[in-house]
Amino acid sequence: MWIITLKALRSTLMKLSTNKKNRDKIKATGRKFFLLAACSLFVLVFCLGMASVPSPKVHIRKLKNGHYQLIVDRKPYIVKGVCYNPAPISQNHEYDWWSDPNRPWLIDGKLMRDMGVNTIRIYQTHENAEEAKQVIRDLYTKFGIRTALGSWLGFWEYPCPFYGDKRFQNRVKNEVLKMVNLYKDEPGVLMWILGNENNYSCLGQVNPWSNEEIDKEPDPQKQKAMRAKIYYSFVNTLAQEIHKIDPNHPVALGNGELVGLEFAKQYAPDVDLVACIIYRGKTFGNLFRSLKMTFDKPILLSEFGADCYDAYLKKEDQNMQAFFLESQLRQIYENLANNQEGAGNCIGGTIFEWTDEWWKHDESNPDSWAVHDTDSNWSNGSYYFDIKAEGNKNMNEEWFGIVALSKELENGLNKRIPRKAYYVIREFWKNPQIKNKIKGKRIK
Amino acid sequence: MKKLLAVMAALILSLPLCGLAEEQAADKLKEFVVYNDKNAKDNHFIPSGWMGDYGDVKINDQSADNPHAGTTGIQFIYSAKKAQNQGWAGVYWQNPANNWGNKKGGFDLTGMTKLTFWARGAKGGEVIQKVMVGGIKGTYPDSASVEMGPIELTDTWKQYTINLAGRDLTYINGGFGWTTTADLNPEGVTFYLDDIKFEADPAIKPEAKKQEGMPFYVYSDRSSAKNHYIPAGWMGDYGDIKYDGSSKEDPYLGDTCVKIIYNGKKAQGSGWAGIFWQNPANNWGTVDGGFDLSKATKLTFWARGVKGGERIEEFKVGGIMGEYSDSDSAVIGPVILNKEWTQYTIDLKGKDMSYVIGGFCWAANVDNNPEGATFYLDEIKYE
């Protein structure tokens with residue numbers, strides 16, 4: 001159509017010419033005009049062509065200074081998230097909250113929005129896709145909260161995840177791709193997180209696995225390397241397959257600490273970012289720079305936080321939890337893109353966790369799920385306030401919520417009681433202060 | 001009306017200047033007193049934080065017995081009788097009184113570069129284990145923790161200085177403190193303190209932790225002055241471990257080597273055991289210590305098993321996590337030991353070794369050593 005119009009214009013110009021000189025001038029002018037119009041047309045077509053291939057909805061952008069940003073709908077996005085598994089009192093992790101007629105995510109979503117949360121992390125999707133989609137949609141449309149969807153990658157399967165077995169790999173791959181196909185068009189989906197702390201199984205620390213080839217290797221260090229190669233190569237294959245069917249969401253490698261990422265650098269180059277579980281007390285230490293040296297990918301702190309029970313004084317201490325969380329958030333912000341003092345590779349984090357889970361301490365004993373246990377199962381010296389607890393066991397699994405649960409019911413759900421950390425984080429997100437803001441009285 | 005406007009304009013313009021003047025006044029403050037004299041108006045902290053065997057401590061904060069200046073000094077009598085069975089005692093000056101970091105108080109002492117105090121012993125020879133500024137933890141922790149000591153007192157007044165240059169003094173609740181032990185003073189001590197104050201001395205420069213030269217030994221030989229870490233951090237089934245730091249059984253180099261016997265009997269029921277070499281001893285990240293080993297690119301050590309085939313799950317450097325965490329960690333393992341001395345290397349390239357409390361560590365478990373393991377270590381050093 002454009003060409004027809006241009007031809008008509010040129011013909012008109014020619015008809016208007018009265019003499020040779022003018023005709024020559026008009027001819028020359030016409031040629032120039034034609035050339036200009038053709039170029040414009042080319043640019044227009046090129047732009048239209050570009051417009052038909054929009055940039056991915058969510059993607060990682062590497063800046064010129066080597067820093068990383070998560071881009072969502074063309075804008076930088078800092079993940080202000082929480083890990084979400086709202087098991088009510090008396091229930092354990094198997095509780096099907098997705099089907100709960102009281103729809104806990106609506107109560108929680110409002111509280112989260114008011115706090116400033118923009119993301120939840122879910123470790124594994126629900127079997128009923130329609131219900132899961134409804135949760136994701138509700139959180140996004142009603143509260144603007146996006147969902148990072150995860151898969152355990154069969155990590156908890158009995159007796160162990162056989163990553164060295166192709167049949168096991170194929171089954172897990174099919175499950176993951178099914179998840180991606182089911183949810184990739186949900187506007188509320190933010191990213192895919194593959195695995196959690198599965199890398200520890202390569203070291204034989206948790207859910208150890210092997211195969212015939214590994215068993216033949218006498219050197220345990222080489223065995224470890226062989227397992228890491230198998231596992232991270234598998235995750236890389238998953239990342240490649242996901243990218244083929246969903247270019248709009250990044251793929252994160254879930255990882256415990258930075259353990260094994262030297263292998264990931266070699267065998268999992270196609271993951272877009274790492275999602276690390278880090279419990280290092282008030283500081284992440286050298287985490288961000290160390291990652292840059294080991295495996296230069298952006299990092300989401302997909303689990304971090306602190307419990308609010310002082311195992312030494314044997315009483316709840318909300319100040320302690322708020323202190324650690326605020327300190328951790330300061331470090332996260334210090335290492336976001338374009339902060340010269342940081343590594344520039346952090347994109348935010350999802351705090352562990354939204355609500356307490358009363359089943360965790362003694363998970364095989366259903367009677368204990370209705371009791372808020374104050375015993376601790378493990379020790380971590382970096383949470384030093386209560387490290388003098390008996391046996392140095394200071395980490396209280398059932399007390400990590402930034403929102404406490406009450407036995408009192410409200411709208412059919414355990415009443416939510418925000419802890420001090422809720423308010424401290426809300427204020428931090430409103431006005432992030434990277435430096436410690438506690439100051440003494442000014443001396444005069 | 002014009003006059004009024006002019007006055008208002010002048011006032012508005014002068015407000016920032018007033019603020020500036022106040023800032024400058026604060027910035028130019030030369031000293032800030034912890035204790036001057038009994039009931040002095042400029043005493044800013046209270047000696048309320050009694051620690052350890054507090055029953056062994058007596059205080060007289062208006063001692064007229066030869067004060068250094070003014071009319072009074074502070075007399076402390078520490079009896080070393082272990083009233084609370086602790087073996088040590090001490091006192092913190094706090095603001096407000098009894099503030100162990102559970103409430104907001106303290107002062108922003110930015111601009112001060114040192115704390116000075118005068119001290120003397122009743123007889124001379126009294127040993128103060130350490131003196132401190134800051135270091136109180138809790139929900140409102142001090143922004144700095146600085147320690148100095150031990151100090152051996154004389155029977156005449158002497159001034160001591162704690163360097164605070166470069167420290168973050170934005171929140172100091174523990175203005176000053178001292179501790180000492182019954183081991184250092186078995187007969188107890190009487191000593192005096194006076195004129196404790198922060199000072200803004202521009203001539204004081206930060207005491208940087210110097211980068212240590214290489215090689216830097218964890219263990220060289222028994223009693224070697226080159227040994228920088230102490231094998232004090234026994235972990236897991238510590239009852240299963242026997243440690244001999246002066247074994248003469250075929251050392252790799254020098255007179256002695258380290259011999260470890262791990263019997264795998266699960267004395268504490270853990271199923272594993274290990275030892276961390278720390279600085280200072282027993283430092284699980286609870287106190288500021290360690291070394292700046294930024295120049296190190298690797299740690300090497302020699303090891304052998306008594307039979308060969310002993311499996312050590314990890315050899316590690318760094319990784320102690322606490323209030324003062326190691327700046328990084330690196331690990332190798334599992335390692336199957338040979339019967340002959342073999343050198344092993346932990347690669348530190350790209351690691352941040354600027355702050356290392358945990359100089360070296362091994363850990364083994366009973367699953368892989370059902371009969372236990374006896375092994376030797378020697379020449380553990382950063383290079």
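Strand β22 of chain B, residues 314–318, is mostly covered, since four of its five residues are buried. A residue counts as buried if 20 or more other C-beta atoms lie within 10 Å of its own, as exposed if 12 or fewer do, and as partly exposed in between, with C-beta atoms placed from the backbone. The model is a predicted one, in which local features need pLDDT of at least 70 and side-chain atom pairs count only at pLDDT 80 or more, while totals for chains, interfaces and linings use all residues. Residues are numbered from 1 along each chain as its sequence is written, and chains are lettered from A and ligands numbered from 1 in the order in which they are written.

Let us look at the partners of β22(B). Two strands pair if DSSP finds at least two bridges between them. β22(B) runs antiparallel to strand β26 (residues 358–365) of chain B, and three bridges join them; here B:Phe315 has B:Trp362 as its bridge partner. β22(B) also pairs with strand β23 (residues 329–332) of chain B, in the antiparallel sense and over four bridges. In that pairing, B:Lys316 stands opposite B:Val331. In general, strands of a sheet pair through backbone hydrogen bonds, either parallel or antiparallel.

Stay in chain B and find B:Ala273, in strand β19 (residues 272–278). B:Ala273 counts as buried because it has 29 C-beta neighbours inside 10 Å. Which residues does B:Ala273 contact, leaving aside its neighbours within four places in sequence? They are B:Met235, B:Gly236, B:Asp237, B:Tyr238, B:Asp240, B:Ile241, B:Tyr262 and B:Ala364, where contact means that the C-beta atoms of two residues, placed from the backbone, lie within 7 Å. B:Met235 is 38 residues away along the chain, and its C-alpha atom is separated from that of B:Ala273 by 5.4 Å.

The loops of chain B hold some backbone details to check on your screen. Most residues other than glycine have a negative phi, and most peptide bonds are trans. The loop between β19 and β20 (298–305) of chain B contains B:Pro280, and the peptide bond from B:Asn279 to B:Pro280 is cis, with omega near -10°. That loop between β19 and β20 also holds B:Asn282, which has a positive phi of about 65° although it is not a glycine. B:Asn282 counts as exposed because it has 12 C-beta neighbours inside 10 Å. Another cis peptide bond runs from B:Gly333 to B:Pro334, with omega near 0°; B:Pro334 lies in the loop between β23 and β24 (335–336) of chain B. B:Asn39, in the loop between β1 (31–35) and β2 (46–52) of chain B, has a positive phi near 65°. B:Asn39 is exposed, with 10 other C-beta atoms within 10 Å.

Now move over to chain A, which has 12 helices and 16 strands. Of its 444 residues, 43% count as buried. Eight strands of chain A close into a barrel with parallel pairing, in the order β4-β5-β6-β7-β8-β9-β10-β13. From one strand to the next, the twist averages 25°. Within chain A, β10 (residues 299–304) and β13 (residues 346–351) run parallel and are joined by four bridges, with A:Leu300 opposite A:Gly348. Helix α11 (residues 318–334) of chain A lies across β10 and β13, running at about 160° to β13(A); axes are lines fitted to C-alpha atoms, for helices over the stretch in contact, and angles run from 0 to 180 degrees between N-to-C directions.

Finally, see where the chains meet. How many residues does each chain give to the contact? Chain B gives 29 residues and chain A gives 26 residues. On the side of chain B that touches chain A, the elements giving two or more residues are α1 (2–27) and β6 (107–108) of chain B. The β6(B) strand pairs with strand β16 (residues 441–442) of chain A, in the parallel sense and over two bridges. There, A:Arg442 stands opposite B:Asp108.
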